[in-house]
Amino acid sequence: TQTGRGNNALWLFDLAGQAPPKKVWEGNLNGFVIAANGFLYGPQPDLGAVIRINLDTFETKLIAEGFAWPTAVEMDDQGLLYVLDFNAGTVTQLNKDTSDKNIIATIEPGLDNMAMGPKNFPYANKLYVSSIGKNGIFEIDLNTKALRTVAAGRLTAPGGVAVLGTGDATRVFVADMFSLREVNAATGVVKNLINVDGMGIYPS
């Protein structure tokens, strides 16, 4: 999938390298998954929707809408979809047949992509989520809905800095790409003040 600057399309690549890349569908689409039945399921961020594309006919069907900015879709062995919402910071379980939605995890705005874990223990039925906002990887147990931090940093891409106060009362404000954060200069504790979805622009 190709996104941005008006170049929104789905491309077909020949893995043997015998045929040139072919644009097969035009439209806004992000991280998608292809089911065993040959249907492609993917999010349309700007429309807050998840769609299905028939890869034989390229007919499109709306599966669900009402998301803030969905960036990726995954599927488990039971055929249930999982939708990552960048702006809402949520992971939603979605029934592709009924369009029923159930939020199974809330992390923080800035969720980017995800992948199902391998089928062997202890990774079976685990969903792994990458977060730009938290600069990390998170694990969701699909059986218990337990959320575990695999790895995370306190800042993502710190840019502009402003300092207020002195001594132990010193407050450091950081434009951290997708979030405006406050850092306690004495303890190093980071507090998230506002995210990109609350500002309408990137804090950086």
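**View 1. Glu139 and Lys126 form a salt bridge.** In this predicted model, the closest N and O atoms of Glu139 and Lys126 are 3.9 Å apart. Glu139 belongs to strand E13 (residues 136-141) and Lys126 to strand E12, so the pair ties together parts that are 13 residues apart in sequence. Both Glu139 and Lys126 are buried.

**View 2. Asp77 and Lys119 pair through a salt bridge.** Their closest N and O atoms are 2.8 Å apart. Both partners sit in loops. Asp77 is in the loop between E7 and E8, and Lys119 is in the loop between strand E11 (111-116) and strand E12 (126-131), so this pair ties together parts that are 42 residues apart in sequence. Are Asp77 and Lys119 buried or exposed? Asp77 is exposed, and Lys119 is exposed too.

**View 3. Glu74 is buried and has no salt bridge.** Glu74 is part of strand E7 (residues 70-75). Which side chain of opposite charge is nearest to Glu74? That side chain is Lys119, 9.5 Å away. Lys119 does form a salt bridge with Asp77. Leaving aside residues up to four places away in sequence, Glu74 touches Val33, Leu80, Leu81, Tyr82, Met114, Ala115, Met116 and Leu127.

**View 4. Lys191 and Glu182 meet in a salt bridge.** The N to O distance between these side chains is 3.9 Å. How exposed is each partner? Lys191 is partly exposed, with a relative accessible area of 47%. Glu182 is buried, at a relative accessible area of 11%. The cut-off for buried is under 20%, so Glu182 at 11% qualifies.

**View 5. A network of salt bridges links four residues, Glu108, Lys134, Asp176 and Arg181.** How many salt bridges does the structure hold by this rule? The count comes to 9.

**View 6. Phe86 and Phe178 form an aromatic pair.** The structure holds 1 aromatic pair. In this pair, the rings of Phe86 and Phe178 are 5.4 Å apart, centre to centre. Their planes make an angle of 70°, and the pair is edge-to-face. Phe86 is buried, as is Phe178.

**View 7. Arg52 places its charged end over the ring of Phe39.** The charged end of Arg52 is 4.1 Å from the centre of the Phe39 ring.

**View 8. Lys101 lies over the face of Phe67.** The distance from Lys101 to the ring centre of Phe67 is 4.6 Å.

**View 9. The whole protein, for orientation, has 1 helix and 18 strands.** The C-alpha trace spans about 65 × 40 × 35 Å along its principal axes. Of the 204 residues, 41% are buried. The protein exposes about 11000 Å², and carbon and sulfur atoms supply 52% of that area. Take the contacts between residues at least 6 apart in sequence: 28% of them join residues at least 24 apart.

Notes
Residues are numbered from 1 along each chain as its sequence is written. This is a predicted model: local features need pLDDT of at least 70, side-chain atom pairs count only at pLDDT 80 or more; totals for chains, interfaces and linings use all residues. Side-chain values use heavy atoms; hydrogens and water are left out. Helices (H or I, at least four residues) and strands (E, at least two) are DSSP runs, numbered from the N terminus. Buried means under 20% relative accessible area, exposed over 50%, partly exposed in between (1.4 Å probe, protein chains only). Lys and Arg count as positive and Asp and Glu as negative; His and the chain ends are not counted. Contact means heavy atoms within 4.5 Å. Rings of Phe, Tyr and Trp (its six-membered ring) pair if their centres lie within 6.5 Å; planes under 30 degrees apart count as stacked, over 60 as edge-to-face and the rest as tilted. A charge sits over a ring if NZ of Lys or CZ of Arg is within 6 Å of the ring centre and within 35 degrees of the ring normal. Accessible areas come from the Shrake-Rupley method with a 1.4 Å probe; for residues, only the protein chains shown count as cover.
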